[in-house]
Amino acid sequence: MIGVFTVRDLSGKTNSPRTVNTCVGIYKVRRRRRCRRGGGDKGRCPCRGCSGQCSVCPLAVVHIVDEALAPGASEVHQGGNVAGWYETGKGDVKKGFAETDVIIERTYATQRTMHAAIEPNGALALPESDDVLVYCLGKGPFNIRRAVALACGLEENRVRLIQPVIGGAFGGKDYDINVIASRCAMAAMITKRPCKMVWSREEVFVEETRCYPFTLRCKVGARKMVG
């Protein structure tokens with residue numbers, strides 16, 4: 001392990017609250033959250049596998065939506081496991097169902113899926129004085145440039161991005177590629193040498209963003225055809 005570096009290690013760069021959360025290192029580090037319940041007092045920490053003397057405890061795993069929404073579920077983020085709530089409507093729904101001849105209610109579930117493009121994610125970054133040049137196979141070059149600038153504490157006009165031909169896209173080339181490009185750019189600027197990162201197929205399955213499973217509850221009403 002040479003070290004784990006953040007934007008703070010890039011001298012003269014802007015350190016916003018968001019930029020310092022991006023780090024680059026040789027080994028992956030499992031994120032843990034400080035145990036707020038145990039307080040380090042022996043016998044008082046209810047976390048599984050904790051002796052009461054630790055300062056951090058691993059979070060319980062939440063696999064499916066119903067588990068995440070159940071009372072007492074482990075919170076992925078402080079404040080609950082609901083990422084967002086949106087409500088929309090048109091017309092009088094209650095009146096519409098009251099006037100229907102048949103109502104069908106169903107619950108559907110989808111499985112977890114991977115993008116798995118033929119070409120795995122990769123990027124190449126080269127330091128240019130106090131700027132950085134990034135070759136990156138992504139779908140949104142301006143989004144990638146914005147992410148790299150944010151991670152490195154640079155103004156966007158100091159990040160030059162070249163997008164070669166893409167060998168397969170899907171959603172992984174829209175978000176995950178931002179992470180790879182940012183890591184390469186940070187490593188290149190810290191070491192003052194070119195940096196290349198290409199995920200293997202195994203790494204794609206381990207770290208790439210997934211299409212998460214959905215549970216959909218649908219209620220549909222219809223009228224009988226007349227004539």
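**Surface, cysteines and ring contacts**

Gly-96 is partly exposed, at 33% relative accessible area (with a 1.4 Å probe and protein chains only, buried is under 20%, exposed over 50%, and partly exposed in between). This glycine is found in helix H2 (helices are DSSP runs of H or I, at least four residues, numbered from the N terminus). The model is a predicted one, so to speak of local features takes pLDDT of at least 70 and side-chain atom pairs 80 or more, while totals for chains, interfaces and linings use all residues. Residues are numbered from 1 along each chain as its sequence is written, and side-chain values use heavy atoms, with hydrogens and water left out.

Next, the loop between helix H1 (65-69) and helix H2 (93-98): Val-82 lies here. Val-82 is exposed, with a relative accessible area of 54%.

On to the cysteines. Cys-136 is buried at 0% relative accessible area, and Cys-152 is buried at 0% too. The closest cysteine sulfur to that of Cys-136 belongs to Cys-184, and because it is 8.1 Å away, it is too far for a bond. The disulfide count comes to zero, taking a disulfide as a pair of cysteine sulfur atoms within 2.5 Å.

As for rings, the charged end of Lys-219 sits over the ring of Phe-97, 4.5 Å from the ring centre (the rule asks for NZ of Lys or CZ of Arg within 6 Å of the ring centre and within 35 degrees of the ring normal).

Conventions: Helix = DSSP H or I, 4+ residues; strand = E, 2+ residues; numbered from the N terminus.
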